[in-house]
Amino acid sequence: MRTQVLIIGGGPSGLLLAQLLDRKGIDTIVLERKTRSYVLGRIRAGILEQGMVKLMRKAGVSERMDRESYVHDGTVIACGDEQFRIDFTKHTGTPVVVYGQTELTCDLYDAREAADGEIIYEVEHVEINDAKSDRPYVTFQKDGIAQRIDCDYVAGCDGFHGVSRQTIPLTVRKEYEKVYPFGWLGILSETPPVHHELIYSSSERGFALCSMRNDNLSRYYIQCSLSDRPDDWSDQLFWDELKRRIPSDYADKLVTGPSIEKSIAPLRSFVTEPMRWGRLFLCGDAAHIVPPTGAKGLNTAASDIHYLYHGLVQAIHDNNNEGIDRYSERALARVWKAERFSWWMTSLLHRFPEQNAFDLKMQSAELAFLQSNNEAQSALAQNYVGLPY
Ligand code: APR
Ligand code: PHB
């Protein structure tokens, strides 16, 4: 088989790239290790920067997003019983869009199928070959049968545990990592959101986040120990702990109910450099991970796709390699800013086991400065709504 751009990974990064390139008449094949329903079974965040929203529009996949999503002009930061609002529109003129990553990925799958886009599911033993030549090819097994696809470019959109990053030799690859000493216990409940905007809450018992998917589907998170298991937390225990970590006026009106999903996610900051090796380009979680506190995971994957899409169109249509030659540098420049913001939000709003009294004073002084300073709030707003591409 042959294609122009072989995309490894059928998550939001790979599907968005395939859809954008297809609309430019560029042929792609997507290899996905799992089934469609498995991929859509993963609950992920749901805050979209304008950059991601514009890419979905450019991809022609925005109808349901525009119909069902929420537009948020701000968010609430709470510390103990105190709270203040970050007004995105006042500081940046730009809101964020609340639309679940699962819904977005589902829309992209529907669009690929409507366009007869080729997706090969349940592939195994994927190997990228000759990425440093101008004739790369990928081998894999499907239903136990060995297959090979020749291509001009390979996009590694296969997430943190994929094969693409591992293909770049360790002599070339430099990795940066910070693992946080806690996780996020998240639940999904068919209850009305406690507030019409997100609440990021720092409390002496640890962090909490109140988010939503729709008028009767809420998403809540609390900071938990990495040794915890979801089964250690009954719904009642979760709700009681959440109420202790948010301002009492929200705790009093919180509608509780049975959780329909409950999971624990570890928190990690991770970046690999470079994001290009010959004809192989890494995108999204394959190259970088952020802790979810800044809602940057999907949005940074989107900026990677923006740079790679434009670079590939330029290379394939105009025989001009400027975009792909500068892909790694441009993508990483924005990735590191998203990494800094996500690390800063995580450091500001969580309790760390090794913190001493002085550290706690530093945190509360930073929160007090943020609460009282317009420029500090503006800096948070600019990073949260998304820095320019
Ligand atoms: N071969 C084929 N597919 C693979 C392989 C492989 N060897 N390894 C992994 N995959 C698939 C996974 O099954 C998954 O569906 O690649 C896909 C990667 O998707 P994601 O992990 O969602 O990564 P990405 O598309 O970059 O999306 C980034 O996901 O985790 C969130 O916070 C993150 O929001 C961000 C978004
Ligand atoms: C979510 O809605 O799941 C969500 C929102 C904001 C975050 C993280 C997760 O920062």
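**Fold, burial and local geometry of the predicted model**

I222 is placed in strand β16, which covers residues 217-224. The structure is a predicted model. I222 is buried, and its relative accessible area is 0%. Beyond its neighbours within four places in sequence, I222 contacts G183, W184, L185, F207, A208, W233, F238, E241, L242 and R245. One of these partners is F238. The residues I222 and F238 are 16 apart in sequence, and their C-alpha atoms are 8.1 Å apart in space.

The overall fold comes next. The protein contains 14 helices and 20 strands. Its radius of gyration is 21 Å. A compact globule of 389 residues would have a value near 21 Å, so the two agree. Along the principal axes, the C-alpha atoms fill a box of roughly 60 × 40 × 40 Å. Of the 389 residues, 57% are buried. Contacts between residues at least 6 apart in sequence were also examined. Among these, 72% join residues at least 24 apart.

The accessible surface of the protein is about 16,300 Å². Carbon and sulfur atoms account for 49% of that surface. The protein carries 44 positive and 53 negative charges. The mean positions of the two sets are 3 Å apart.

Cysteines were then considered. Zero disulfides are found in the whole structure. C106 takes part in no disulfide, and its nearest cysteine sulfur, that of C157, is 19 Å away. C106 is buried, with a relative accessible area of 19%, against a cut-off of under 20%. C157 is likewise in no disulfide. For C157, the nearest cysteine sulfur is that of C283, at 4.0 Å. C157 is buried at 6% relative accessibility.

Two further buried positions were examined. H288 belongs to strand β20, residues 288-289. Its relative accessibility is 3%, so H288 counts as buried. With neighbours within four places in sequence left aside, H288 is in contact with F270, V271, M275, T300, A301, D304, V335 and E339. H288 and F270 are separated by 18 residues in sequence and by 5.2 Å between C-alpha atoms.

S342 sits in helix α12, which spans residues 327-349. S342 is buried, with a relative accessible area of 0%. Residues up to four places away in sequence aside, S342 touches V290, P291, T293, G294 and K296. L308 is 34 residues from S342 in sequence. The C-alpha atoms of S342 and L308 are 23 Å apart.

Backbone geometry was examined at several sites. Most residues other than glycine have a negative phi, and most peptide bonds are trans. The peptide bond between E273 and P274 is cis, with omega about -5°. P274 is located in the loop between β17 (259-273) and β18 (276-277).

H125 is not a glycine, yet its phi is positive, at about 50°. H125 is part of strand β9, residues 123-129. H125 is exposed, with a relative accessible area of 55%. D130 also has a positive phi, near 55°, and is a residue other than glycine. D130 lies in the loop between β9 and β10 (137-142). At 45% relative accessibility, D130 is partly exposed.

E63 is in helix α4, residues 63-68. Its relative accessible area is 55%, which means that E63 counts as exposed under the cut-off of over 50%. E63 and S303 are 240 residues apart along the chain. Their C-alpha atoms are separated by 21 Å.

How values were computed. Residues numbered from 1 in each chain as written. Chains lettered and ligands numbered in written order. Predicted model: local features only at pLDDT ≥ 70, side-chain atom pairs only at ≥ 80, totals over all residues. Heavy atoms only, no water. Helix = DSSP H or I, 4+ residues; strand = E, 2+ residues; numbered from the N terminus. Rg over C-alpha atoms; globule rule 2.2 N^0.38 Å. Buried < 20%, exposed > 50% of the residue type's maximum accessible area, 1.4 Å probe, protein only. Contact = heavy atoms within 4.5 Å. Areas by Shrake-Rupley, 256 points an atom, 1.4 Å probe, with all protein chains shown as cover. Lys, Arg positive; Asp, Glu negative; His and termini not counted. Charge placed at Lys NZ, Arg CZ, Asp CG, Glu CD. Disulfide = S-S within 2.5 Å.
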